[in-house]
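Here is a briefing on one protein chain. Keep the structure open while reading.

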Amino acid sequence: MPGGWLSRLSIGKKLALSFSVILILLVGSLSASLFYLSRVNSYVDRHQRITIPGVVTASEMLRNLSDMQTHMHHLLEHQKGEEQASGFKTIADIERRTLTALDTYQATHAVRTHPVLYGMLQQHGRGDLADQESQTIVAIADGLIALRAQREDIESALHRNDKNRTRAEPLYEQTTAKTEDALASLIELHRKIDVEMKIEGDRLVDEARTIVIGVIGLLGLLIVSLYLMMKRLVAGPLKRLAATADRVAHHDLTAQFEPWPTHDEVGILTHSLATMLVNLRERGTALIRKTKELEAFTYSVAHDLKGPLREIEGFSSLLEKRFEETDDPQVKHHIDVIRRSALRLTHMIDALLKYSRLEQQDLPKQRFNILEMISNLVLDRFAHVSGPKPKIHVDLSFADLYGEPISIRQAIANLLDNAAKFSQHQTAPDIRIGGKQTPTERILWVQDNGIGFDAGQQEKIFGLFERLHSPEEYEGTGVGLAIVKMVMEKHGGRVWTDSTPGKGSTFYLAFPNSEGAISFQQSAKTPS
């Protein structure tokens, strides 16, 4: 909420807080996963250290019992004398190994020797497996002790040559069978314990999965909440600010920046933009007033100057007629200088007024036939040219253009006049008008084979009253190319030139290709 403590934080602090919570959740999720993974690994380790070795040990004892029974049967049926003594010794060794294996099992593999494993069975309600294991171990121990006693009885009977020894063999076999059954039960118990361990492992994996899914869900909810919060507190206001700023950029000073109650960067930006807009309105009002005053002053001065200039030009014409028959060339020269200077100043004032009017105008744009306009211009400009008539080549890849036709006609006419003027001393003046279309612009150019100019002068030639040659060399007001630049700026286009001294010049006009792309921008000097 805008009025809450969160809205009073800066955007950086909001992001830091959000990412801190996300980091905490990620760390928590990772920690929980590692914790449950360690517990699962502990049960896998117990399976490898307890269950498998326990079954192996029990299987080894079961195999020993089978060997003991086989040796006893072979001893009684086939061996005599010293062979019997050796057989009894072998059986005694197997008995010792089996008892040692049982002690090892009871010390390292029995459930009650491992509190975690025993606790797990208690939690599963299978504590009876531990009790059964203890009882089975006791039964196996009793069976092994009984087998040892019976083996000693059989050995004593054989030494005494007692006829009753035949009853001891079936008893030995019965005891062996009971002990083997106990060992088989022990192996089966271990398998059941192993099943419980697997169940516990699966439970731990499920719990870990549930926690991770929960944390991921919470993390997703937090990210969505962060997105909605930033959209409401940052993106939304910035979008509205951008829309208002775009209106201001397009000279709509009636736009209003809505106030934003937070004190973060967005609020500061809104306040700064609102202050800037107030200043723009004040300066715009003052600029309009000054512009109107300057326009009135310009027209007044121009009118006041043109009157005396007309009188100077008129009286100089009278003087020229009066001294027409005189033989004094200096007088004629002075009168001619006065007359031509007055005419040049009159032309400069007219050009300056034309430039001023163009600067103040809003140019209503439309789509028109540029090819037809150029054809009419060439006909108007060069139909009655005295001296060598330039050869005109027109090659446009497009016929229509979007812009204000009158100002564009003036710009192209100025370029054609320049091309004709600076190529008039060539034996075969040649002017080429071409154009091409790019994805973003329609480019038109006027090329001549005139005197050209140095590349370092490109910045200067588009300035107002900037000239590269004296009026005696080439006449002109120094306003024509400034008008060309003004027209292109009004159309949001670009103007630049490419020239080499003695090899002619090419002037390029680049217009935005679509109507929506028209915007004010500074003209470029080189093609992009």
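Two residues are in contact when heavy atoms of theirs lie within 4.5 Å. By that criterion, and leaving aside neighbours within four places in sequence, glutamine 150 is in contact with Leu171, Tyr172 and Thr175. The model is predicted. It holds eleven helices and seven strands.

**Overall**

- The protein has 528 residues, and 37% of them count as buried.
- Take the contacts with a separation of 6 or more: residues 24 or more positions apart account for 74% of them.

**Glutamine 150**

- Glutamine 150 sits in helix 4, residues 127-160.
- Its relative accessibility is 13%, so glutamine 150 counts as buried, the cut-off being under 20%.
- The side chain of glutamine 150 makes a polar contact of 2.8 Å with the side chain of threonine 175.

**Helix 8**

- Helix 8 covers residues 370-382, and its 13 residues should span 18 Å at 1.5 Å a residue. The end C-alpha atoms of helix 8 are 18 Å apart, in agreement with that figure.
- Buried in helix 8 are Ile370, Met373, Ile374, Leu377, Val378 and Phe382. These residues cover an arc of only 135° around the axis, so they lie on the same side of helix 8.
- An α-helix has 3.6 residues a turn, so residues three or four places apart point the same way.
- What do the buried residues of helix 8 pack against? Their partners are strand 1 (366-369), strand 2 (391-396), strand 3 (400-403), helix 9 (405-422), strand 4 (430-437) and strand 5 (441-448).
- Asparagine 369 caps the N-terminal end of helix 8. One of its side-chain oxygens lies 3.0 Å from the backbone nitrogen of leucine 371.

**Helix 9**

- The 18 residues of helix 9 should span 26 Å at 1.5 Å a residue. The end C-alpha atoms of helix 9 are 26 Å apart, which agrees.
- Buried residues of helix 9 include Pro405, Ile412, Ala413, Leu416, Ala419 and Phe422. Also buried are Ser407, Ile408, Ala411, Asn414, Leu415 and Asn418.

**Helix 9 against helix 11**

- Two packed helices are described by the angle between their axes and the distance between the axes.
- The axes of helix 9 and helix 11 (residues 480-490) come within 9 Å and cross at roughly 145°.
- The crossing of helix 9 past helix 11 is left-handed.
- From helix 9, the residues that meet helix 11 are Ser407, Ile408, Gln410, Ala411, Asn414, Leu415 and Asn418. From helix 11, they are Gly480, Leu481, Ile483, Val484 and Val487.

**Helix 11**

- Eight of the eleven residues of helix 11 are buried, so the helix is largely enclosed by the rest of the structure.
- The buried residues are Leu481, Ala482, Ile483, Val484, Met486, Val487, Met488 and Lys490.
- Glycine 492 follows helix 11 and has a positive phi, near 70°.

**Phenylalanine 462**

- Phenylalanine 462 lies in the loop between helix 10 (458-461) and helix 11.
- Is phenylalanine 462 buried or exposed? At 6% relative accessibility, phenylalanine 462 counts as buried.
- Leucine 481 is 19 residues away from phenylalanine 462 along the chain, but their C-alpha atoms are separated by 5.1 Å.
- Beyond neighbours within four places in sequence, phenylalanine 462 is in contact with Leu481, Ala482, Lys485, Val495, Thr497 and Phe507.

Note on methods:
Residues numbered from 1 in each chain as written. Predicted model: local features only at pLDDT ≥ 70, side-chain atom pairs only at ≥ 80, totals over all residues. Heavy atoms only, no water. Helix = DSSP H or I, 4+ residues; strand = E, 2+ residues; numbered from the N terminus. Expected span 1.5 Å × (residues − 1). Buried < 20%, exposed > 50% of the residue type's maximum accessible area, 1.4 Å probe, protein only. Arc of directions from axis to C-beta. Polar contact = N/O pair within 3.5 Å; in protein donor to acceptor, adjacent residues only side chain to side chain. Axes fitted to C-alpha atoms, helices over the stretch in contact; angles between N-to-C directions. Left-handed = near helix turned anticlockwise from the far one by under 90°.
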